[in-house]
Amino acid sequence: MSVVDRQEWDVVVVGAGGAGLRAAIEARERGARTAVICKSLFGKAHTVMAEGGIAAAMGNVNEHDNWQVHFRDTLRGGKFLNQWRMAELHAKEAPDRVWELETWGALFDRTKDGKISQRNFGGHEYPRLAHVGDRTGLELIRTLQQKIVSLQQEDHRETGDYESRLKVFQECTVTRILKDGERVSGVFAYERETGRFFVLQAPSVVIATGGIGKSFKVTSNSWEYTGDGHALALLAGAPLLNMEFVQFHPTGMIWPPSVKGILVTESVRGDGGVLRNSEGKRFMFDYVPDVFKEKYAETEDEADRWYDDPDHNRRPPELLPRDEVARAINSEVKEGRGSPHGGVFLDVSTRMPAEVVRRRLPSMYHQFKELADVDITAEPMEVGPTCHYVMGGIAVDSDTAAARGVPGLFAAGEVAGGMHGSNRLGGNSLSDLLVFGRRAGWHAAEYAQGLTQDRPPVGDAQVDAAAAEALRPFSAEAEDVAGPPENPYTLHQELQQTMNDLVGIIRREGEMEQALKKLAELRVRARRAGVEGHRQFNPGWHLALDLRNMLLVSECVARAALERTESRGGHTREDHPSMDRAWRRLNLLCRLSDPTGSLAATDPVRGQISLAPETTDPIRPDLLALFEKEELVKYLTEEELYE
Amino acid sequence: MSSYEARFKVWRGDAQGGGLEDFTVEVNDGEVVLDIIHRLQATQAPDLAVRWNCKAGKCGSCSAEINGRPRLMCMTRMSVFTREETITVTPLRTFPVMRDLVTDVGFNYTKAREVPAFVPPAGLGPGEYRMMQEDVDRSQEFRKCIECFLCQDVCHVVRDHEENKKAYAGPRFLMRIAELDMHPLDAAAETGLDRKRTAQDDHGLGYCNITKCCTEVCPEGIKITDNALIPLKERTVDRKYDPLVWLGSKIRRRSSPA
Ligand SMILES: Cc1cc2nc3c(=O)[nH]c(=O)nc-3n(C[C@H](O)[C@H](O)[C@H](O)COP(=O)(O)OP(=O)(O)OC[C@H]3O[C@@H](n4cnc5c(N)ncnc54)[C@H](O)[C@@H]3O)c2cc1C
Ligand code: SF4
Ligand code: SF4
Ligand code: FES
C-alpha cells in the first residue's frame, strides 16, 4: 500500500499559530529546512482570535515593572503549580520577543512618548499587555506570516524557489507522529482538499497544535481545537501533564444560543467595565479569596480610583484571576441573582462615554451589535463562563521544549504543559507562544543538524497502519457486527455535552465517574463512526478522525480531575473545595495504557489512559526569595519552607 | 424563542461542475448563515464542504456569496432575510471551486508573496522603535484586514477577467503596499525601493478605476478605496510629475517627533 508520497525536511512544525510560526522562523533562520503543516489556511490559526494583548514586562507605562514582578504574578495566577523555570524564562524573554515583532513590521498601539502601549489585565500587577485595540492576535499572526513570506522572498532571490527552505502545507492534517524505535522520524498527514495521504520525513517534529476546547459544548475555541497535538504526543509515547486544569473564561457571550461561548475580552474589565448581578450589585467584592485580600480594593470608591492612581489604590476585584471570577459568576447565577439568560451583567455603558467604548473596544462593539443586537455603549452585556484554554499539555523540558522520552519531539504553545500551572493569566499565552515557540524551533533545528549522518528512517509498516486507520470510517459498516454506523456529528455533540455537564467548571466525584463511563461508551461507538461520500474535502470524515483525539484528551481531563482531590486554579471540586498544600508539589502525568499506541485493544472499562503522580522539583531559592514569607506559607508546606 | 423552516439553495459540486441543491432546514433565534450550513452538515449533507474557523468574524475563512453578495457566513444573521425568502449560498465566484463552498484562494497567497516585505530601518535595534499613534493610525486601519478576500472576489478587474489576474494584485494587496508605504519607519526608500512606483508598474494599480465595490463588502469596514488606493494613486501621480512634492512629504514625515 506504500504509494504514499514522501518528502524530506529537517524540521516539521505541526501548527501555524503563534507558537508554530515562531518555531518555524527560528528553525529556518538557524539553517534548518523547515516545513509547517496546518489544518486551516495560512494566517487563520486560532491565534488570530486573541484579543486583549501580549504580556511582557517592558515597563513602558509603569516603570516599576520588571521580569521579577511578572514572574511573581504568573506564579500567583497559577497557584504555584507552574513549572517555575518556564515561568522564569517566559518573564525574562517576553519583552525581547515583543520588540522583535516591531522589527518585522508589527504596529502596536503607542504611548504618548511613542513606545508600545501596555494595558491592565487580570492578575497583572502593572499595565503589561502590549496590544492593538482588541485584535492583538491578528497582529501577531499577520506579523509572523509576513516574516515567513519575507524569508521566502529571500530564499527566492537565492534559489529561485520560494519554498526551498521554508514551506507551509496549508489545509493538511497530521494523524500520526512516525517513529523509528524511540526516535521521531516524521509525520503522516492527509490533504483536506483531496484526501490524499503524504509523509514528511524529519528527525525533528515540533507540535504546536493549540488546545482542546472543542470537546466542550460552550467554548470560545474554534473547530481546530480538537486536541490533536495532545493525542499525537500520547500516541507517540510522550506523557501529558496537568490535564485537569482547564480554564473557563468568566466572560463569554450567552445570548443568542448560536453565539453562546464566543469570547468577551478581558480588556472590557481592564479598561473599566464592571460586573453586576440582577440586583445591580458589584458582587466581585464578596469573592476576594484570602490569598489575594491585600491586593484588591474593598470599596467601589477605592476600586474606581485605581484606574487613575494605581500607586495609591488597590485594584478592582473584577480583575482577579480568571478562575476566581468564573466561579463567582457561577455562584451568583446558582443563587438566583443572574441575568435573564443565565449569566451576569458586564457593563461599560455607565462607565465611559460611547465614543471611548467604540475606540477602545471596537471589535466587542461590533460583535454585540452584529450578533446580539446589543449596543454596548448604551446597555450592559450579558456574560457567563466559557471553556477557553487548557493549562495541561505535553510535558516538556523548560529550556529546550523537548517532549519527555521521545527524542526529536518538541512542543510549544497551548499544547505544551507546565508554564501556566493551574491557571493562566490573560496575555500570558501570546508571550508564551513567542518565547517557547522560538526555543522549540531553535532546539529542533539543533537536534536535526546533529543527525545529518544518521537520520531515522520511516518504515513502510507504520505508514500502512496510519493509512488504514485514517480510511477506517469509510468501511465502518462492513467491518462491525455491533450495529449500524454512527453519525460522527452526533457522537461529537454527546461528547461535548458530557464534558460540559460532568467535567465542567465545578466538579464532583460521582459526575466524573459517570463521565468516564460515558466516554468509554462513546469510544466503543466511535469505532463505528462511518462517513458518506469520498475523501475530497469531506468534513464528516475529518470529524470522524478528530473524534479519536477528542476522546483521548477528554479521558485525560476526566481521569486527572477525578484523581486531584483539591481545588486549585482551573480545577474546582465541590467535594474538595479548598487548596491543599500537599498537592502543590504533585503533577499528574497521563500516559497511554497500551504503549504500542494501537487503540484497538484497549479495554472499554479501564480506558486508554493511566495516571502517574510525580513530585516536582523544588523552586529555586533565589526565585522563592522574590516572595514574602507570609505569602509563601499559603502555598508551600512546612517542610518545603524549611528546605 | 421561535423556530421556522427556511428554504436554502446551496451550490454543490467540484471543478468538473455542479449546481444548486434545495434544502429545507430549521432556523432558530439569533442564528447566522454558518449555523444553518452546519445544521445541514449534521442532519442532511454530512460531506458538504465549507471553510470556517473562528465563527466570530475574526479569521476570514467563511467567505461565500449569499444571494449573490460576498459576505462572511458567520456574520450574516438570518434575521436580515424574511422567512419567506429562499437563501442562495454559492462559492466565491472569482476563485476556482474546489468543492461545494470551498474555493482555491491560492491567487491571494501568490500575490502576497510578490509584495516586498517591511524593510527595518538601519541603526534601530529591537526596543528602540518610536512611533506616534497618529502616525500609525492609517497603517493600523489596513492591518485590521482579516484576509477574507471578499474585496478580491468582488473587484470587477478580476471577477470576470481571468486574464487580468497575472498583472493585478487586487485591492487587498494594493492596500498592503499602501500600508507599508505609510509605515513611519519602513526603510524601503533607503534601499532604492519605491513602493508607490511598484504599485503602478508591478501590481496593476492602474487597472483600478475606484468603483469602491471593495470598500462596500469589507467586513472590517476598512476604507480601502478612499484611504489606501486613492492616496496611492495620487502619490503615484505626484511622484511621476513632480518628484519634489514626494520628497517634501517624505522629509516632513521623517522629522516628526522621533
Ligand atoms: C477568543 C480568544 C481570545 C484570546 N485572547 C488572548 C489574549 O488576549 N492574550 C493571550 O495571551 N491569549 C489569548 N487567548 C489564548 C491564545 O490565543 C491561544 O492560547 C493561543 O493563540 C494558542 O496558540 P498556539 O500557537 O498554541 O496554537 P493555535 O494558534 O491554535 O494554532 C494551532 C495550529 O495547529 C494546527 N493544527 C492543529 N491540529 C493539527 C493537526 N492535526 N495537523 C496539522 N495542523 C494542526 C492548526 O491548524 C493551527 O494552525 C485567546 C484565546 C481565545 C480563544
Ligand atoms: S475600487 Fe478599485 S480595487 Fe476596489 S473594487 Fe473598484 S476597481 Fe477594484
Ligand atoms: S480588506 Fe477587507 S474585504 Fe479585503 S480581505 Fe481584508 S478584510 Fe477582507
Ligand atoms: S469563521 Fe472566521 S470569519 Fe467566519
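Two strands count as paired if DSSP finds at least two bridges between them, strands being DSSP runs (E, at least two residues) and helices DSSP runs (H or I, at least four residues), numbered from the N terminus. In this predicted model, local features need pLDDT of at least 70 and side-chain atom pairs count only at pLDDT 80 or more, whereas totals for chains, interfaces and linings use all residues. Residues are numbered from 1 along each chain as its sequence is written, chains are lettered from A and ligands numbered from 1 in the order in which they are written, and side-chain values use heavy atoms, with hydrogens and water left out.

**View 1. An open sheet in chain A.** Three strands of chain A lie in the order β4-β6-β5 with antiparallel pairing, and β4 (54–55) and β5 (118–119) are the edge strands, each pairing on one side only. Between β4(A) and β6 (129–130) of chain A there are 2 bridges, and A:Ile54 stands opposite A:Ala130.

**View 2. The shell around ligand 3.** Residues surrounding ligand 3 (a heavy atom within 4 Å) include B:Cys145, B:Cys148, B:Cys151, B:Arg172 and B:Cys218. The shell has 9 nonpolar residues, no polar and 2 charged, where Ala, Val, Leu, Ile, Met, Phe, Trp, Tyr, Cys and Pro count as nonpolar, Asp, Glu, Lys and Arg as charged, and the others, Gly among them, as polar.

**View 3. The shell around ligand 2.** Of the 13 residues surrounding ligand 2, the closest are B:Cys155, B:Cys208, B:Thr211, B:Lys212 and B:Cys214. Helices α8 (213–217) and α9 (224–241) of chain B each supply at least two residues of this shell, which has 8 nonpolar, 4 polar and 1 charged residues.
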